[in-house]
Amino acid sequence: MPMLTPDGLAGLIFIFLAVVTLAGAFIAATALRLPRAVAGLALGFCGLAGIFYFLNSPFVALMELLIYVGAVCVAIVFAIMLADPGVEKARTARSTAIPAALSLPVGALFAWGLIILARNTMWPAPAAKLNPGDTVDIGHSLLTTYSMVFELISIVLLMAIIGALVLARKGRD
Amino acid sequence: MELIAGLADRMEVYLALAAMLFGIGIYGVLLRRTLIGMMIAGELILAAAALNFMTFSRFLSPDPSTGRIFTLFIMGIAAAEAAIGMSIIIAVYRNYKSVETDRVADLKG
């Protein structure tokens with residue numbers, strides 16, 4: 001079986017992960033019930049974590065699972081439980097400026113244009129790698145070159161926590 | 001067979017995947033009628049951007065850790081955005097008893 005070479009198997013797994021990612025994203029964008037959309041989002045992010053693994057970065061793949069699947073999706077589930085949006089109504093009677101029928105062509109246009117752009121651009125030849133970019137290098141860069149940004153994002157997160165508390169608390173006695 | 005085996009080593013494949021994720025995200029943002037649905041689709045757009053950064057850091061960059069750190073920062077900002085967005089949605093729901101974008105339209109001329 002020529003299929004069972006290691007490279008062939010890796011290619012098959014890659015195709016499977018890409019299909020999982022796109023299917024999860026499509027469910028997240030179109031499902032009528034929001035809990036299903038969140039489940040699709042979690043599925044898509046699991047596939048995307050696998051894609052990150054193929055991009056030589058198991059650390060970022062783990063963070064994708066931890067932050068997106070573990071934290072962001074759970075936060076959205078909490079918001080759905082607290083706000084109770086129910087089932088979305090039929091989309092034909094939408095009164096906003098953009099009719100729902102236009103959304104699919106617009107999204108397809110963006111995707112098509114970006115794919116054409118990615119195919120036709122002459123990318124510069126890959127430069128020689130200074131380092132492999134593994135977890136040790138990421139840690140070194142975070143604490144030397146990017147230490148300022150690292151501190152700033154912790155302040156942003158702190159302000160987000162406090163702001164979320166203030167916003168959600170207002171109007172409740 | 002060589003096509004399948006070499007698929008994971010071609011940059012265009014990852015870029016096309018990110019473009020499709022971005023297109024699905026735009027489609028969802030325009031299609032959704034509730035604020036929560038719009039936020040879910042917005043997460044897809046952020047994920048597409050993160051995938052592009054990871055792709056370029058893997059294939060083109062001399063220092064691959066830069067793109068990976070940028071992806072980690074995108075995740076952190078997305079988490080902060082989700083927390084703030086959710087609390088705004090809950091505040092809107094408390095005032096309007098609805099999270100549908102058509103009914104939260106007091107400022108509409």
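This is a predicted model: local features need pLDDT of at least 70, side-chain atom pairs count only at pLDDT 80 or more; totals for chains, interfaces and linings use all residues.
**Entry 1: chain A overall**

I started with the contacts in chain A (heavy atoms within 4.5 Å): of those with a separation of 6 or more, 51% are between residues 24 or more positions apart. Residues are numbered from 1 along each chain as its sequence is written, chains are lettered from A and ligands numbered from 1 in the order written, and side-chain values use heavy atoms, with hydrogens and water left out.

I then looked up the secondary structure of chain A and got six helices and zero strands. Those are DSSP runs numbered from the N terminus, with helices being H or I of at least four residues and strands E of at least two. Chain A has 173 residues, and 34% of them are buried (under 20% relative accessible area; exposed is over 50%, partly exposed in between; 1.4 Å probe, protein chains only).

**Entry 2: chain A against chain B**

I checked the interface next. Chain A puts 94 residues into the contact and chain B 75 residues. Together they bury about 7,400 Å², with 75% of that on carbon and sulfur atoms (accessible area lost on putting the two parts together, 1.4 Å probe, summed over both). I looked for salt bridges between the chains and the count is zero (Lys or Arg side-chain nitrogen within 4 Å of an Asp or Glu carboxyl oxygen).

**Entry 3: rings**

I find eight aromatic pairs over all chains (Phe, Tyr or six-membered Trp ring centres within 6.5 Å; planes under 30 degrees apart are stacked, over 60 edge-to-face, the rest tilted). A:F26 and B:Y27 count as stacked because their planes are at 25 degrees, with centres 6.3 Å apart. This pair joins two chains, since A:F26 is in helix α1 (residues 6-30) of chain A and B:Y27 in helix α2 (residues 11-31) of chain B. A:F26 is partly exposed at 43% relative accessibility, whereas B:Y27 is buried at 12%.

A:F45 and A:Y68 are stacked too, at 4.3 Å and 25 degrees, and both are buried. A:F45 is in helix α2 (residues 34-54) and A:Y68 in helix α3 (residues 58-83), so the pair ties together parts 23 residues apart in sequence.

Ring pairs also link A:F14, A:F54, B:Y14 and B:F59 into a cluster. B:R58 lies over the face of B:F59, 4.5 Å from the ring centre (NZ of Lys or CZ of Arg within 6 Å of the centre and within 35 degrees of the normal).
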